[in-house]
Amino acid sequence: MTREPPQVGRHPSLARLHPPLIRAEADLPDMSDRTWWEGQLDRLGEGVFSGTVGAARAAPLLARWDAQVGRLGAGDVDYTLLQAARVDWALCDVEAADGGPGESWAWRAAHGRVPGVEPDAAVQALARSQVGLFEVWPGKPTLLRGRIRGLCLRVEDPALAVPLGERGRIAALWELRIVFTRAGARLCRPPIAYPLEILPRLTRAHEQHWRDPQRGLDLMQLRRMRLQWTRARRPDVRAAFG
């Protein structure tokens, strides 16, 4: 599929999405290795959701994921990646069960409101991380174009160094979690791949959203569709993604 490459500028400021953090810290070093950020996410998740108290924090949120997306099984395609996405969603993307707007558990940890979790620079960065479904445009650096929020980014990551395809053509459609540092955007997890055949469906959903927001598609709906698609005995993109 050939199109004009997306125009990429600075990523929009995310500061307005969250109140100021409890203190200003020196920015992180250039941790461009995705596995470093994976480790930081896992560390934060364990700090917030481990033990009896942590399990009680996570339970209502994970139940919401299961209701909206589907309960995962060990035989599911990309099971490990999906389980990580499930926990990351409960940690970073959705409000705590007793929280106000934007008050995720990662947000609380970044504000020093989770006992035992130090609100260091990594925690503060992860509290502002963004997840989305992105077109991947090969190049140096690789360009990512968000299909839900419209966020466009330049990203350098070892996983993107391998040839993905021709310049000027969309090489993949990936669900990604992105963290922002002064050195630029960084990936936090390995990608979860979606079929490129759904791009026209995403375009229609985007157009429908502006006419009637209830007819648009959000990432949770797309996650559910993908899960059903991968489980089908005869996978059919059109049937699964509507």
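Visitor: What makes the pairing of D98 and R108 a salt bridge?

Guide: The N to O distance between their side chains is 3.0 Å. A salt bridge needs a side-chain nitrogen of Lys or Arg within 4 Å of a carboxyl oxygen of Asp or Glu, so the label applies. Before we go on, note that this is a predicted model: local features need pLDDT of at least 70, side-chain atom pairs count only at pLDDT 80 or more, and totals for chains, interfaces and linings use all residues. Residues are numbered from 1 along each chain as its sequence is written, and side-chain values use heavy atoms, with hydrogens and water left out.

Visitor: Which parts do D98 and R108 tie together?

Guide: D98 sits in the loop between α3 (79-93) and α4 (105-110), and R108 is in helix α4, so the linked parts are 10 residues apart in sequence. Helices (H or I, at least four residues) and strands (E, at least two) are DSSP runs, numbered from the N terminus.

Visitor: Why is D98 called exposed?

Guide: Its relative accessible area is 59%. Exposed means over 50%, buried under 20%, partly exposed in between (1.4 Å probe, protein chains only). D98 is therefore exposed. R108 has 7%, so R108 is buried.

Visitor: Why does D42 count as partly exposed?

Guide: D42 has 36% relative accessibility, so it takes the in-between label. Its salt-bridge partner is R189, with the closest N and O atoms 2.9 Å apart. That pair links helix α1 to the loop between β5 and β6, 147 residues apart. R189 has a relative accessible area of 12%, so R189 is buried.

Visitor: How do you know that R189 also forms a salt bridge with E38?

Guide: The closest N and O atoms are 3.8 Å apart. E38 lies in helix α1 (residues 34-49), 151 residues from R189. Both residues are buried.

Visitor: Which residues are linked in a network of salt bridges?

Guide: R34, E38, D42, D88 and R189. The whole structure holds 16 salt bridges.

Visitor: Why is E175 called buried?

Guide: Its relative accessible area is 5%, so E175 is buried. E175 lies in strand β4 (residues 172-181).

Visitor: What makes the pairing of E175 with Y194 a polar contact?

Guide: Their side chains come to 2.8 Å. A polar contact is a pair of N or O atoms within 3.5 Å; within protein, one must be able to donate a hydrogen and the other to accept it, and residues adjacent in sequence count only if both atoms are side-chain atoms. The side chain of E175 makes another polar contact with that of R223, at 2.8 Å.
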